[in-house]
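Dear colleague,

Please find below the structure that I am handing over to you.

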Amino acid sequence: MDASPRGEESPNEGRPTVLVVEDHEDTRFLITYLLGARGCAVKVAKNGEEAIRMAEDVRPGLVLMDINLPRMDGLTATRRMRQIAGLKGVPVIFLSGHADASFRAEALAQGGDDYLVKPFALAELERLLERYIGKSVAASDT
């Protein structure tokens, strides 16, 4: 079983587990489909509070975190996840419609590892998947 470079081994038959935190159904569906097609085990949360609970239970190898979420925004959820011993090293990639550099800087200052502007190109997502959970996930047919 392969371990992700910065996450724990996945109990999902060697597939990296990605937690997708997104409140918009269409975006959630698209990202889930793309990750599944690349061999990832995907877990979904619809708000920041649910994301923290699920991350503690699942211990994903990667989190894709929307910033604007109901109940608790993605920045707050990420700050809180960084305070949990078993989640400190889990990479968090923020997903946001805000392309302004100040939003990116704030997201990274709050504990994010990377920042992807929506709508994003598939190649951008694949580059980040390769960087954070390994080349084998990004290299797959769609």
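**Findings**

Just after helix H1, Gly-39 adopts a positive phi of about 85 degrees. Please note that the model is a predicted one.

I begin with the chain as a whole. The protein chain contains six helices and five strands, and their order along the sequence is β-α-β-α-β-α-β-α-β-α-α. Of the 142 residues in the protein chain, 46% are buried. When contacts between residues at least 6 apart in sequence are considered, 58% of them join residues at least 24 apart. The accessible surface of the protein chain amounts to about 7100 Å², and carbon and sulfur atoms account for 48% of that surface.

Helix H1 comprises the 13 residues 25-37. At 1.5 Å a residue H1 should span 18 Å, and the distance of 18 Å between its end C-alpha atoms agrees with this. Which residues of H1 are buried? They are Arg-28, Ile-31, Leu-34 and Leu-35. Because these residues cover an arc of only 135 degrees around the axis, they lie on the same side of H1. On the other side of H1, Glu-25, Asp-26 and Phe-29 are exposed. The packing partners of the buried residues of H1 are strand E1 (17-21), strand E2 (41-45), strand E3 (62-66), strand E4 (92-96) and helix H5 (122-133).

Thr-17 and Val-63 are 46 residues apart along the chain, and their C-alpha atoms are separated by 8.7 Å. Val-21 belongs to the largest nonpolar core, which has 21 residues; Val-21, Val-63, Met-65, Met-81 and Phe-94 are the members that touch the most other members. At least two residues of this core come from each of E1, helix H2 (48-58), E3, helix H3 (74-81) and E4. Another core, of 17 residues, lies apart from it, and includes Val-20, Leu-35, Cys-40 and Ile-93. Leaving out residues up to four places away in sequence, Val-21 touches Ala-45, Asn-47, Ala-51, Val-63, Leu-64, Met-65, Asp-66 and Leu-69.

Helix H3 is mostly covered, with six of its eight residues buried. These are Gly-74, Leu-75, Thr-76, Ala-77, Thr-78 and Met-81. The cover over the buried residues of H3 includes H2, E3, E4 and helix H4 (101-109). At the start of H3, the backbone nitrogen of Leu-75 has a side-chain oxygen of Asp-73 within 2.8 Å.

Within H3, I would draw your attention to Thr-78. Is this residue buried or exposed? Thr-78 counts as buried, because its relative accessibility is 0%. Its side chain reaches the backbone oxygen of Gly-74 at 2.8 Å. Apart from neighbours within four places in sequence, the residues in contact with Thr-78 are Met-65, Val-92, Phe-94, Gln-110, Gly-111 and Gly-112.

With kind regards

Conventions
Residues numbered from 1 in each chain as written. Predicted model: local features only at pLDDT ≥ 70, side-chain atom pairs only at ≥ 80, totals over all residues. Heavy atoms only, no water. Helix = DSSP H or I, 4+ residues; strand = E, 2+ residues; numbered from the N terminus. Expected span 1.5 Å × (residues − 1). Buried < 20%, exposed > 50% of the residue type's maximum accessible area, 1.4 Å probe, protein only. Arc of directions from axis to C-beta. Contact = heavy atoms within 4.5 Å. Areas by Shrake-Rupley, 256 points an atom, 1.4 Å probe, with all protein chains shown as cover. Core = buried A, V, L, I, M, F, W, Y, C linked by side-chain atoms within 4.5 Å. Polar contact = N/O pair within 3.5 Å; in protein donor to acceptor, adjacent residues only side chain to side chain.
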